[in-house]
Amino acid sequence: MLKESQSITKAGLIILFLCILGASGFFAYKYNSKSASAVTVSTPYVWITHNIWVSDGTSSVKKLSLAGNVLGTYTVGAGSYGVAIDASGNVWITNAGDFTNTNANTVTKLDSSGNVLGTYPAGGLPTGVAIDASGNVWVANTGGDAVTKLSSTGSILGVYSVGISRPIGIAIDGSGNVWVANNGGKTVTKLSPTGSVLGTYAVGISPYGIAVDGGGNVWVANGISNNVTKLSPTGSVLGTYAVGDSPFGIAVDASGNIWVANTGSNNVTKLSSSGSVLGTYAVGRQPVGIAVDDSGNIWVANRGSNNVTKLSS
């Protein structure tokens, strides 16, 4: 396994953890051997399309090229966190804040050039965000124990309870069902496209990241259990697989392999679709998010070393 590391310092960037959210969960691509370079960036989530969008955990997002160059910095709300991009290329950012800032508890919509198109109420402590095939925006409200559904213009279409469970991760399957990782409830809740609860399913302790594979199976990273749970489309447990320490972010590639960022062991685990460990790769300190670009590169956000590692095929 070949690995090379190179740090590229970017002025004005802080910590970062990275995650890709899409209309059906997380992006998926194929990988072979790995080499790596580290790009210094900022806090919470990242979305990769033709560019990389990074929320810095304060009040801005940064746009990076796939080479890691900063193309722009754009002001949003307080405590910028989750990031998702809709079919028109607009960028949606959750502003978690701290419950005291007037710009918190909102979602900001930017166009692809970083211009603010609107800021909309989204519930208490909004974190994870995903966009469905109709362009509706689904937000996990960690502080409100609910999920908010917004229209593409920012109007609230519904607020749906998921129990007293601190929802954080969110993904959407090919049928438009919404899967929510309940960090405080050791469960995952499945909502219909209209917000009806279709089921709540036990997983491991402290679930964070959640992703849906091409077969509609749901993969959940359990931060305290140090494992990943695979659920069927109907919520049956298909397997539980050991990974590294404190898994956080999770993504699925085009071959159906599962990639897990292990915050406590400073590495990434690659699992097959059947849960076998295919490899473990060292990255930076405290990796929390993981994403895949359309060239098959893996991007890992390292909160402890304040950078993003890019693994190339």
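Which residue in β20 is the bridge partner of V212? The partner is V218. Let's see where this pair sits in the predicted model.

**The whole chain**

The secondary structure of the protein chain consists of 29 strands and zero helices. Of its 313 residues, 63% are buried. The accessible surface comes to about 10,800 Å², and carbon and sulfur atoms account for 49% of that area. If you look at contacts between residues at least 6 apart in sequence, 42% of them join residues at least 24 apart.

Strands of a sheet pair through backbone hydrogen bonds, either parallel or antiparallel. Here, an open sheet of four strands runs in the order β19-β20-β21-β22, and the pairing is antiparallel. Its edge strands are β19 (207-212) and β22 (237-242), each of which pairs on one side only. From one strand to the next, the twist averages 20°.

**A hairpin to find**

Now turn to β15 and β16, which form a hairpin with five residues between them. Strand β15 is mostly covered: six of its six residues are buried. Across the pair, G169 stands opposite A181 in β16.

| Strand pair | Residues | Sense | Bridges |
|---|---|---|---|
| β15 and β16 | β16: residues 178-182 | antiparallel | five bridges |
| β19 and β20 | β20: residues 218-222 | antiparallel | four bridges |

As you trace these strands, keep in mind that in a regular strand the side chains alternate between the two faces of the sheet.

How values were computed: Residues numbered from 1 in each chain as written. Predicted model: local features only at pLDDT ≥ 70, side-chain atom pairs only at ≥ 80, totals over all residues. Heavy atoms only, no water. Buried < 20%, exposed > 50% of the residue type's maximum accessible area, 1.4 Å probe, protein only. Helix = DSSP H or I, 4+ residues; strand = E, 2+ residues; numbered from the N terminus. Pairing = 2+ DSSP bridges. Axes fitted to C-alpha atoms, helices over the stretch in contact; angles between N-to-C directions. Contact = heavy atoms within 4.5 Å. Areas by Shrake-Rupley, 256 points an atom, 1.4 Å probe, with all protein chains shown as cover.
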